[in-house]
Amino acid sequence: MANQAPVFVKISDYKQILDIIDVVKAKIEESRRTIAKINELKNEEDQEIRAWTQNLDEVNKRITGIDKTLFEPDN
Amino acid sequence: MATEELFVKIDDPLTVRLSLLEESKKIVHALQTYHKLISLREKKLDLILDLKDQIKELVLLFSKLDASFPDHSLREVVKQELMKPKVNKPQQSTKSNKKASKTSTTTAKPKEKYVESEMDKLNRTLQQIEDKLNAIR
């Protein structure tokens, strides 16, 4: 177990600690914003891939139709 | 002998041609999507690199914070230091030092340079933090 004795921090160090904590908070906020942007881009990417898949499915369907028309003539 | 050429009738050729053109358009759109995806990925990569820098700064700030706090285990360390038996450092003359260095240069194998990867550094940092946490608990 850790020693439970009180710990004192010099007032100058204390001020420095508070300043660092402020900077840390700002940095965390900045990182959160960056992650949000990355997520946005990821969603956009997913959407594009979905559209791509859908597009190719449609092309495949149509090509199958053309194939049928060309190789299985009615008469 | 002339070869006989055969033809197949295409019913509704206009529709077939239209379909082909439309599908060609879609395929070109698919290529456009590819370029869009590449540009999205580049943007994403830039952002990920930014994030990496931000996290690095955070790590630095945390180590600064850690350094600003008094060392809890200082007393323990002092105790341990006092408990340790004193080891006499070999203080040899400069001549013998030179000799030793000479022999070491002749006998020592060339050390392979080990380049610590970013992952290794992070693992080491994590281990240090774990050690500190264990010392406090």
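This is a predicted model: local features need pLDDT of at least 70, side-chain atom pairs count only at pLDDT 80 or more; totals for chains, interfaces and linings use all residues.
Residues are numbered from 1 along each chain as its sequence is written, and chains are lettered from A in the order in which they are written. Local features need pLDDT of at least 70, side-chain atom pairs count only at pLDDT 80 or more, totals for chains, interfaces and linings use all residues, and side-chain values use heavy atoms, without hydrogens or water.

**Exercise 1. Describe the contact of chain B with chain A.**

Step 1. Count the residues in contact (heavy atoms within 4.5 Å). Chain A gives 40 residues and chain B gives 39 residues.

Step 2. Take the buried area, which is the accessible area (1.4 Å probe) that two parts lose on being put together, summed over both. It is about 3,600 Å², and carbon and sulfur atoms give 70% of that.

Step 3. Find the main contributors in chain B. Leu40(B), Leu47(B) and Gln54(B) lose the most area to chain A, together 15% of what that side buries.

Step 4. Count the charged pairs. A salt bridge needs a side-chain nitrogen of Lys or Arg within 4 Å of a carboxyl oxygen of Asp or Glu. Seven salt bridges link chain B and chain A. One of them joins Arg62(A) to Glu22(B), with the closest N and O atoms 3.0 Å apart.

Step 5. Name the main element on the chain B side. Helix H1 (residues 13-68) of chain B gives the most, with 29 residues. Helices here are DSSP runs (H or I, at least four residues), numbered from the N terminus.

**Exercise 2. Compare the placement of two salt bridges within chain B.**

Step 1. Take Lys26(B) and Glu23(B). Their closest N and O atoms are 4.0 Å apart. Both residues lie in helix H1 of chain B, three residues apart, about one turn of the helix.

Step 2. Check exposure (buried under 20% relative accessible area, exposed over 50%, partly exposed in between; 1.4 Å probe, protein chains only). Glu23(B) is buried at 3%. Lys26(B) is partly exposed at 21%.

Step 3. Take Lys132(B) and Asp66(B), whose closest N and O atoms are 2.3 Å apart. This pair links distant parts of the chain, 66 residues apart: Lys132(B) is in helix H4 (residues 118-136), Asp66(B) in helix H1.

Step 4. Lys132(B) is partly exposed at 47%, and Asp66(B) is partly exposed at 38%.

Notes:
Helices (H or I, at least four residues) and strands (E, at least two) are DSSP runs, numbered from the N terminus.
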